[in-house]
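Reader: Hello! I am new here and would like to look at this structure with you. Could you walk me through it?

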Amino acid sequence: EELKSYDLYLWLTDADGVNSSAVKKMSFTTVDKTPPEFIMEPTAGRATATTVPMTFRLNETGTVFWAVVKEGAPYPYPKRGETEVDLSSLDAKMQVASGMNALQSGRTNANPDRDGTFTVSGLEAQTSYDLWYVAQDAAGNYSEKVQKVTIHTLDTEGPDVTQVFSDVQNDQPLPNSDVTIEFTEGVKSTA
């Protein structure tokens, strides 16, 4: 069993069975090799124009590391000479833990089975970000992989929309023209 203390008692006898040692006690504790797990993934609270509060829950004592980049920006970066990122690699976990190449980053302590919180600040208003996160327990084990959640600062303005036609003549669309609708920000259907 992990993280359990044991006592081992040794009594040594030589090959001919004549001489024996005194009983010797050796104590040891097994190591923790189990990665921490998020019971509740980081979840955004009520955002302001430049901050987003986050709440999470971890199954054991540890530290939660986070790094923020603009939504859709490549992160974490692949290893040199590779084109794909293995989110379970130590390299990806270390990028998030160190905040390397992130716009904002941080860390917060976690207690087992209790809500933990942190606030991402210094963000731009009305902007979406990807928050990458990973946990590390007291024994140094990282969670299985780096994960991501998209967060948004307070948005008080609706999007603007523009129609773009592929074929126009005298500022008028032609009948066979393709129509593209462009929004100034991400939108989603409420239907």
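Author: Gladly! One term to begin with: buried means under 20% relative accessible area, exposed means over 50%, and partly exposed lies in between. Please keep in mind that this is a predicted model.

Reader: Is Tyr75 buried or exposed?

Author: The relative accessible area of Tyr75 is 5%. The cut-off for buried is under 20%. Tyr75 therefore counts as buried.

Reader: Which kind of aromatic pair do Tyr75 and Tyr77 form?

Author: A pair of aromatic rings is described by the distance of the centres and the angle of the planes. For Tyr75 and Tyr77 the centres are 6.3 Å apart, with 70° between the planes. Planes over 60 degrees apart count as edge-to-face. The pair of Tyr75 and Tyr77 is therefore edge-to-face.

Reader: And is Tyr77 buried or exposed, or partly exposed?

Author: Tyr77 has a relative accessible area of 37%. That value falls between the cut-offs of 20% and 50%, so Tyr77 is partly exposed.

Reader: What kind of peptide bond joins Tyr75 and Pro76?

Author: Pro76 sits in the loop between S5 and helix H1 (90–98). The omega angle of the bond from Tyr75 to Pro76 is about -20°. This peptide bond is cis.

Reader: How many aromatic pairs does the structure hold, and how are the planes of Trp66 and Phe118 arranged?

Author: There are seven aromatic pairs in the structure. In the pair of Trp66 and Phe118, the rings are 5.2 Å apart centre to centre, with 10° between the planes. Planes under 30 degrees apart count as stacked. The arrangement of Trp66 and Phe118 is stacked.

Reader: How many residues apart in sequence are the parts that this pair ties together?

Author: Trp66 belongs to strand S5 (residues 62–70), while Phe118 belongs to strand S7 (residues 115–120). Trp66 is buried at 6% relative accessibility, and Phe118 is buried at 7%.

Reader: Which residues form one aromatic cluster with Trp66 and Phe118?

Author: Trp66 and Phe118 pair with each other. They also belong to one aromatic cluster, together with Phe38, Phe56 and Tyr133.

Reader: Where does Asp171 lie, and what is its phi?

Author: Asp171 is in the loop between strand S11 (168–169) and strand S12 (172–173). At 73% relative accessibility, Asp171 counts as exposed. Its phi is positive, in a residue other than glycine, and is near 65°.

Key. Residues numbered from 1 in each chain as written. Predicted model: local features only at pLDDT ≥ 70, side-chain atom pairs only at ≥ 80, totals over all residues. Heavy atoms only, no water. Phe/Tyr/Trp six-rings, centres within 6.5 Å; stacked < 30°, edge-to-face > 60°. Helix = DSSP H or I, 4+ residues; strand = E, 2+ residues; numbered from the N terminus. Buried < 20%, exposed > 50% of the residue type's maximum accessible area, 1.4 Å probe, protein only.
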